[in-house]
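This briefing goes through one protein structure, topic by topic. Keep the sequence and the 3D view open while reading.

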Amino acid sequence: MRAEATRVREGEIAKPVREIAPLSLRVHELAVKCTRQVHDLPVSQYPAMKNRAENLAQLAGACAQISLAATLCNLAIHHRTEILQYEDADATPATSRDQLRRAGGEMKRAATTYRSVTRQLSHRLGSFAARAEDT
């Protein structure tokens, strides 16, 4: 019976890993993509643009928020599976859910920042007057 109980318990624990890990991987991939874009900006038209330092700082901040969200997803997995290591661990998914809720908040803030800055940059690149001001 003890072996069966262990098997059932491990099955319940594996479920959050199967559910959360794909999300965590996608968010990590997005963080890498965002960081690569910020890295590539200085070699594009970006260095000549007005307010480049502020925009770059905002984009770097959005990348950090996305990275934090990815880390929070991993923490959600950890908090949900630590019952396998510690008998006094929280057996409920409350801590894990809190980490995922926080990850969602970070992603929302990052998306807002990213949209705002990319809108500004697109406008500057698409506007003849703005481009003339940058040169």
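Arg109 is partly exposed, with 43% relative accessible area. This value, like every other one below, comes from a predicted model.

**Salt bridge**

- The whole structure contains one salt bridge.
- Side chains of opposite charge can pair when their charged atoms come close.
- Both residues sit in helix H3 (residues 94–126), three residues apart, which means that about one helical turn separates Glu106 from Arg109.
- Glu106 has a relative accessibility of 13%, so Glu106 counts as buried, whereas Arg109 at 43% is partly exposed.

**Disulfide**

- There is one disulfide in the structure.
- The disulfide links Cys34 and Cys63, with an S to S distance of 2.4 Å.
- Cys34 belongs to helix H1 (residues 2–40) and Cys63 to helix H2 (residues 52–81), so the pair ties together parts that are 29 residues apart in sequence.
- The disulfide of Cys34 and Cys63 is left-handed because the torsion about its S-S bond is about -85 degrees.
- Cys34 is buried at 3% relative accessible area, and Cys63 is buried at 5%.
- Cys73 is also buried, at 2% relative accessibility.

**Nonpolar core**

- In soluble globular proteins, nonpolar side chains tend to be buried together.
- In this model, the largest nonpolar core has 21 residues.
- The residues with the most contacts inside this core are Ile20, Val27, Leu59, Ile66, Ala103 and Leu121.
- H1, H2 and H3 are the elements that give two or more residues to this core.
- H2 gives the most, with 10 residues.

**Contacts of Leu59**

- Which residues does Leu59 touch, not counting residues up to four places away in sequence?
- With those neighbours left out, Leu59 touches Cys34, Val38, Leu41, Tyr114, Val117 and Leu121.
- One of these contacts, Cys34, is also a partner in the disulfide, and another, Leu121, is listed with Leu59 among the core residues with the most contacts.

**Glu54 and Val117**

- Glu54 lies in helix H2 and is partly exposed, with a relative accessible area of 48%.
- Glu54 and Val117 are 63 residues apart along the chain, and their C-alpha atoms are separated by 9.5 Å.
- Val117 is also one of the residues that Leu59 touches.

Notes: Residues are numbered from 1 along each chain as its sequence is written. This is a predicted model: local features need pLDDT of at least 70, side-chain atom pairs count only at pLDDT 80 or more; totals for chains, interfaces and linings use all residues. Side-chain values use heavy atoms; hydrogens and water are left out. A disulfide is a pair of cysteine sulfur atoms within 2.5 Å. Helices (H or I, at least four residues) and strands (E, at least two) are DSSP runs, numbered from the N terminus. Buried means under 20% relative accessible area, exposed over 50%, partly exposed in between (1.4 Å probe, protein chains only). A salt bridge is a side-chain nitrogen of Lys or Arg within 4 Å of a carboxyl oxygen of Asp or Glu. A nonpolar core is a set of buried Ala, Val, Leu, Ile, Met, Phe, Trp, Tyr and Cys residues joined through side-chain atoms within 4.5 Å. Contact means heavy atoms within 4.5 Å.
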